[in-house]
Amino acid sequence: MFDIGINLTSPQFAKDRDDVVARAREAGVSGMLLTGTNLHESTEAQRLTQRYARCWSTAGVHPHDSSHWTPQTADALRQLAQQPGVVAIGECGLDFNRNFSTPQEQEYAFSAQLALAAELNMPVFLHCRDAHVRFLALLEPWLSQLPGAVVHCFTGSREEMQACVDHGLYIGITGWVCDERRGMELREMLPHIPAERLLIETDAPYLLPRDLSPKPASRRNEPMHLAHIMERIAHWRGEEAQWLETVTDDNARKLFGVAF
Ligand SMILES: [Zn+2]
């Protein structure tokens, strides 16, 4: 299994990062993509790819951090993106749910990162929340110049999912789908996502699956829980988990060009 979204640089993993990675391996996670959410975290994520085997990273600035974007940020990201282990630009995109940065700041940083990905011929790791229309409008002109793109932690409507698939995007699904309160719409659309566009992720330490049993004492999510998420997604799609694992692993290899 390949976890396409794990925030391994999080302070929540500071005390036992080696154990977290070891537990993930034991649980069948054969590769991971470490999320970079700003310049500092992206630099740290790249550093971790040199410490842990079969880990790769993204380099980018999250929409929440877009207010800190400067012309120097693009230059620094360009340097970082060419270091060993970095395989995608992101996490980048739009989040109009909380607007920690203004929509204008978010759109500027997003567009600049799409341009950088096109320049470097790298796939993009995308975040979109409550911003579907502007998100696709800004992304669409770049798609022919990008080798690929995934909307990570997809939580939109079925129509939005279909529009993303029609634009050639991959769809990243997290343990959000295991939430019996807010994950139902996502659960119902699962069978309609083409298998060859599906990727799975924990987004750890966030989004601990709510239906784990026994429930871990800590509220912290870990990449080892990817096996549970995979099993539930396969169940709700009416597929064998083993088969879906093979397909989603191939999708990750194809999109990110990684060997694991
Ligand atoms: Zn995100």
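This is a predicted model: local features need pLDDT of at least 70, side-chain atom pairs count only at pLDDT 80 or more; totals for chains, interfaces and linings use all residues.
Local features need pLDDT of at least 70, side-chain atom pairs count only at pLDDT 80 or more, and totals for chains, interfaces and linings use all residues. Residues are numbered from 1 along each chain as its sequence is written, and side-chain values use heavy atoms, with hydrogens and water left out.

Eight strands form an open sheet in the order S1-S2-S3-S4-S5-S6-S7-S8, with parallel pairing. S1 (2-6) and S8 (198-200) are the edge strands; each has a single partner strand, so one side of each is left without a neighbour in the sheet. Neighbouring strands are turned by 30° against each other on average, direction ignored. Strands here are DSSP E runs of at least two residues, helices are H or I runs of at least four, and both are numbered from the N terminus. Two strands pair if DSSP finds at least two bridges between them. S7 (residues 170-173) and S8 pair in the parallel sense over three bridges. Ile173 stands opposite Ile200 in S8.

Helix H9 (residues 241-256) lies across S1, S2, S4, S6, S7 and S8, where contact means heavy atoms within 4.5 Å. H9 runs at about 95° to S8. Axes are lines fitted to C-alpha atoms, for helices over the stretch in contact, and angles run from 0 to 180 degrees between N-to-C directions.

The zinc ion is coordinated by Glu91 (OE), His127 (ND1) and His152 (NE2), at 1.9 to 2.1 Å. Donors are N, O and S atoms within 2.8 Å of the metal (3.2 Å for Na, K and Ca); water is not among the atoms, so sites may look incomplete. The donor residues follow the spacing E-x35-H-x24-H in sequence. Glu91 lies in S4 and His127 in S5 (residues 124-129), so the pair ties together parts that are 36 residues apart in sequence. Both Glu91 and His127 are buried, that is, under 20% relative accessible area, against over 50% for exposed and in between for partly exposed (1.4 Å probe, protein chains only).
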